[in-house]
Amino acid sequence: MSVGTLRDVKIKGMACAVPENIVESAGFNERFGAENVEKFVKMTGVRQRHVASPQQTASDLCFAVADRLLTELEWERDSVGAVVFVSQSPDYRLPATACVLHKRLGLGENCVAFDVNLGCSGYVYGLFIAASLMASGDIERVLLLAGDTSGFVSPNDRSTAMLFGDGGSVTAMEKDPGAEIHYLFYTRGDGFKNLLIPSGACRNMDGSKIITEREDGNQRSDFDLYMNGAEIFSFTITDVPLAINQFLSHFKLTVDAIDMFVLHQANLFMLKHIAKKIGVPFEKVPLTIDRFGNTSVTSIPLTIVDQCAGMARKDELKLILSGFGVGLSWGVVSLELDASVCLPIIYTNEYYTDGGL
Amino acid sequence: MLSNKEKIVLLEEMLELEDGELTEETVLEDLDCWDSMAAIELIALVDEKFGKALKGQQIRQFKTVEDILDIMG
């Protein structure tokens, strides 16, 4: 495990956006059979998801909230020293989407900008990276932008078709003496094939776009997401509770002292199982998977914002966050958050119209 | 340690089957309810009741209910 503490960094603002368009799981009754859909909803908890149009990208969702939050915080645009975009659905193969967002947000040249390709564990990584950037030099403010859209899912693959929702987030972080972020990370690369899109980048450039039945009985193309649900589930319920327990014991924290355990919204059944194994009452595990689906890298900030927007400043919350999945990659972070810095969820269909040559 | 009968009751409850619908010889492939979601429920059951980490790869090799009972130990 990789474990440590980053000091003097605090979250000053958070906001999330989702597309307006809602897709209900029940809409798949005809395709997969009502009984199967009902079983799926019971297990995963996903009743509905917000899904982007083909024109709207993760960066559009991140831009909408970042622009608004910068105005809300009254941060000068050139005071932002770094913009980190965490996503597995970038705008282009190149350049880094962080550079596109840097332009759209009107940030200054004295700014670090780069992308991070991580999904389920991406938000806790983003916090770690943002805090590390501020700990290492003269960067005072960082915009962490984390978002994903799920356009690479086959509509005929029952393991993935109804699971994923789209969303984008912004987390504005600033140097603040006294604040602390603890972290713990693990990686197990030998599970990389358990969540994989085989084609679309450089490894298999000539994959087939035709949807056919694959070995696992599901229908998809080489450009669609493959998920081995059983292996991911097995890994998650074994290794994630272990990591959270190690985290609690390493940093001498107790479950009682934590207000919320914000877990990556992968699957309701899985979250219940994890909570039981770490001895956390399920009331302390907030949910968004029911209304927004598995929103990948956005699921943790979306769940925080969904809970916190509207709370008063006195509600300083002690949070443990844990992201786990694709990689395989998993991590745990703890921090304190003024609940009042969260803006309400924004619903938008807006997209960038100047993205082509 | 649970008897095979007790383990079968656990499996029947998990799969929402009637009492007595499963035997050691039941072929998993013949069950409509034996699907990817049942595999996930089985992983959770074996973890919770038997403290064992069951892998997806092991589940794919199961042919009959008896194979599951054996892994439960």
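The model is predicted, so local features need pLDDT of at least 70 and side-chain atom pairs count only at pLDDT 80 or more, while totals for chains, interfaces and linings use all residues. Residues are numbered from 1 along each chain as its sequence is written, and chains are lettered from A in the order in which they are written.

**Overall shape**
- Chain A has nine helices and 15 strands, where helices (H or I, at least four residues) and strands (E, at least two) are DSSP runs numbered from the N terminus.
- The C-alpha atoms of chain A fill a box of roughly 55 × 55 × 35 Å along the principal axes.
- Of the 357 residues in chain A, 51% are buried, meaning that 20 or more other C-beta atoms, placed from the backbone, lie within 10 Å of the residue's own.

**A covered strand**
- Strand β12 (residues 260-263) of chain A is covered on both faces, with A:Met260 and A:Val262 buried on one side and A:Phe261 and A:Leu263 buried on the other.
- Four bridges join β12(A) to β13 (residues 316-325) of chain A, and the two run parallel; A:Leu263 stands opposite A:Ser322 in β13(A).

**Two domains**
- In chain A, 48 residues of domain 1 are in contact with 48 residues of domain 2, contact being C-beta atoms, placed from the backbone, within 7 Å.
- On the side of domain 1 of chain A that touches domain 2 of chain A, β1(A) supplies the largest share, seven residues.

How values were computed: Buried ≥ 20, exposed ≤ 12 C-beta atoms within 10 Å, placed from the backbone. Pairing = 2+ DSSP bridges.
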